[in-house]
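A reader new to this structure may wish to go through it step by step.

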Amino acid sequence: MDTAKDKTLSSLGEFGLIERLRQRFPAPEGLTGIGDDCAILPQQSGRDTLVSTDMLIEGTHFLRGDIPPYALGWKSAAVNISDIAAMGGRPTATFLSLALPADLGTAWVDEFFRGYTTLSKRFGAALLGGDTTGSPRGICINVAVLGECPGGTARKRSDAREGDLVCVSGNLGDSALGLRAILEGLERDADIQALIDRHYLPLPRVEEGLRLAATTGVHAMMDLSDGLASDLPHILEASGKGAEIDTAALPLSDTLQRVCTRLDWDPLPFALGGGEDYELLFTVDPDAEKDLDVPHSVIGKIIPCHSERTRRIYWHGTNRAFSGFDHFHRD
Ligand code: ADP
Ligand code: MG
């Protein structure tokens, strides 16, 4: 190792590291590997198997004292199943690996499993295995999820076409505002509790993803885990395209608008830069958009992007810059 040239991960960034991995481990012919919400493995049956895995680390993704174990179990399953929804697949099975400190109470573990099972059963994903180990510090949770779809129908990040409309399946920013409310210790009136629930108990958009993937004209799709400002560039980079986004068209819940007005907070950073909404972000041919049978909001359109140096996103209606979440950058 040449230490003079060695850089830290904070200079590379989370996505720089993933890009480095992607270049080193190109997927074999016929398989889709690193870079999308799931890997796609075609089966002899003609159907495709979808696989994804996500980790939740105490201190990074959750604070043990703040999140009820039921919610943590629910969320661990939900964020993984969301990646199957992102491809337009149906979840089939999960594998749960846990590293737990020895002094953790069994009541905590039981509640965690109750939340995990409640969410998984709702979406038909059976727990089929995993791994269990002690942890010297903190709780680490890793879930792997399997899903399936008819061969060739999975929606990738790389399929956005010029002229497509950019759409989201539901409101943006509730989860991020819920997190802010937890961190600031805001009094939990009905509005604040509803936002906190959105943060703790996200619902993956599985049925919506299935319907979208069955619709000709729906091209690129992903789930919103890191925030629109961070996630939309993944579609644009994978597709070699740009986008114009109208910030006035971003769907905001009444609850979010009420709370932001009351506290005199700008909703935009929550809607654009906040993560964990787990709504679907997709692009669709304008002719097909009118007939979509999934509730959605049109927030912009796909435009050409002629070179790497050309700006990829034009945010109309704001002159502020937003960025999403990167695990190696903390500001
Ligand atoms: P998501 O937010 O949808 O979970 P990520 O941003 O975590 O997606 O990951 C993006 C892509 O990079 C995915 O295809 C994922 O499988 C891949 N990836 C992330 N970390 C690793 C790793 N350590 N090794 C191999 N692939 C990885
Ligand atoms: Mg995803």
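The questions and answers below begin with how the model is to be read.

Student: What kind of model is this, and which pLDDT do local features need?

Tutor: Residues are numbered from 1 along each chain as its sequence is written, chains are lettered from A and ligands numbered from 1 in the order in which they are written, and side-chain values use heavy atoms, with hydrogens and water left out. This is a predicted model in which totals for chains, interfaces and linings use all residues, side-chain atom pairs count only at pLDDT 80 or more, and local features need pLDDT of at least 70.

Student: Which residues touch the most other members of the largest nonpolar core?

Tutor: A nonpolar core is a set of buried Ala, Val, Leu, Ile, Met, Phe, Trp, Tyr and Cys residues joined through side-chain atoms within 4.5 Å. Buried means under 20% relative accessible area (1.4 Å probe, protein chains only). The largest such core has 62 residues, and those touching the most other members are Ile141 and Phe282.

Student: Which helix gives this core its largest share?

Tutor: Helices are DSSP runs (H or I, at least four residues), numbered from the N terminus. The core draws at least three residues from each of domain 1 (9-150) and domain 2 (157-316), bounds that come from an automatic or database domain assignment. The largest share, 12 residues, comes from residues 69-87, which form helix 3.

Student: How much of the accessible area of ligand 1 does the protein cover?

Tutor: The residues surrounding ligand 1 (a heavy atom within 4 Å) include Asp36, Asp37 and Arg157. Polar contacts are pairs of N or O atoms within 3.5 Å; within protein, one must be able to donate a hydrogen and the other to accept it, and residues adjacent in sequence count only if both atoms are side-chain atoms. Oxygen atoms of ligand 1 lie 2.8 Å from a polar backbone atom of Gly35, 3.0 Å from a polar side-chain atom of Asp83 and 3.2 Å from a side-chain N or O atom of Ser225. Of the 560 Å² that ligand 1 has on its own (Shrake-Rupley method, 1.4 Å probe), the protein covers 64%.

Student: Which helices do the buried residues of helix 5 pack against?

Tutor: Helix 5 spans residues 174-184, and its buried residues include Leu177 and Ile182. Gly185, with a positive phi near 65 degrees, follows helix 5. By contact (heavy atoms within 4.5 Å), the buried residues pack against helix 6, helix 9 (254-263) and helix 10 (268-273).

Note on methods
Buried < 20%, exposed > 50% of the residue type's maximum accessible area, 1.4 Å probe, protein only. Helix = DSSP H or I, 4+ residues; strand = E, 2+ residues; numbered from the N terminus.
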